[in-house]
Amino acid sequence: MIIQKLFPLFDRAHGSNVAGKASPAHIVPAKFNDDDQLVFREFEFSEDMIDRIEQKWTAMGYESERTIPDNCPLEPGLLIRQQRINAFKPKGQIITLSIHSNAITMGDKWQNTATGFAYFTAKGITNSDKMNTRLYKFSEQYFPEIYHYKSNSPEYPGKEANFTVLTAKGNAILLEIGFQDNRKDVAMLLDPKFREKYSTMIVEWLVAENRLLIQVQNSQNSAK
Ligand SMILES: [Zn+2]
């Protein structure tokens, strides 16, 4: 029987009603008419990644929830997202995972200076930073060829920013997976093989986090 102490809450990025948040090949197709194979929308990527992660997670018998119902394309607004996180009452700890792709331009041109992954928690040292440190380890093991953006802290390599969804209750990490204005990154993000490998990495990390919570609770019980 499966023991579940960690409950993921998957937070899809943006929505079809949010401007930008796509590759230049989607935003200005006339300018990049040779790039049909690089048409990428962040919310579609995020939805598909959540589908893949959730499918693997629930197949093992674990439960999870979403801040935005499956296949609803619209952005509900950041406060609604925050309210939905705060209303989630699982029998254990929450980890909100907000799945995004990064950009350093407005998405109207390609750039090749920024590439790679960055994982954010809210400012200040919390349990989320410890979880994020372990996520970096998994991510770097799975994707040693990908650049990982880090803070200056050797103990907590994760980046920090007070994005609204990171300030709700429970643990939370916002993942910026690749740059949607970088051709090389977009080609990778669109590759189903990459999506499978990345979602497998996330599920293995979640399983390890759940196991760690059970161990901590068992050692607390035996110390009583
Ligand atoms: Zn985003």
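## Contacts around I173

Two residues are in contact if their C-beta atoms, placed from the backbone, lie within 7 Å. The model is predicted. Leaving out neighbours within four places in sequence, I173 contacts L97, Y119, F120, T121, S128, M131, N132 and L135.

## The nonpolar core

I173 is also among the residues with the most contacts inside the largest nonpolar core. Helix α2, residues 42-59, gives the most to it, with six residues.

In soluble globular proteins, nonpolar side chains tend to be buried together.

## I177 in strand β7

I177 sits in strand β7, which covers residues 171-179. Why does I177 count as buried? Its C-beta has 28 others within 10 Å, and the cut-off for burial is 20 or more.

Beyond residues up to four places away in sequence, I177 touches I99, H100, S101, F117, L189 and Y198. I99 lies 78 residues from I177 along the chain. Their C-alpha atoms are separated by 7.5 Å.

## Overall fold

The protein has six helices and seven strands. Along the sequence they follow the pattern β-α-α-β-α-β-β-α-β-β-β-α-α. The radius of gyration is 18 Å, close to the 17 Å that the globule rule gives for 224 residues, so the protein is as compact as a globular protein of that length.

The C-alpha trace spans about 65 × 35 × 30 Å along its principal axes. Of the 224 residues, 37% count as buried. Among contacts with a separation of 6 or more, 79% join residues 24 or more positions apart.

Terms used:
Residues numbered from 1 in each chain as written. Predicted model: local features only at pLDDT ≥ 70, side-chain atom pairs only at ≥ 80, totals over all residues. Helix = DSSP H or I, 4+ residues; strand = E, 2+ residues; numbered from the N terminus. Buried ≥ 20, exposed ≤ 12 C-beta atoms within 10 Å, placed from the backbone. Core = buried A, V, L, I, M, F, W, Y, C linked by C-beta atoms within 7 Å. Rg over C-alpha atoms; globule rule 2.2 N^0.38 Å.
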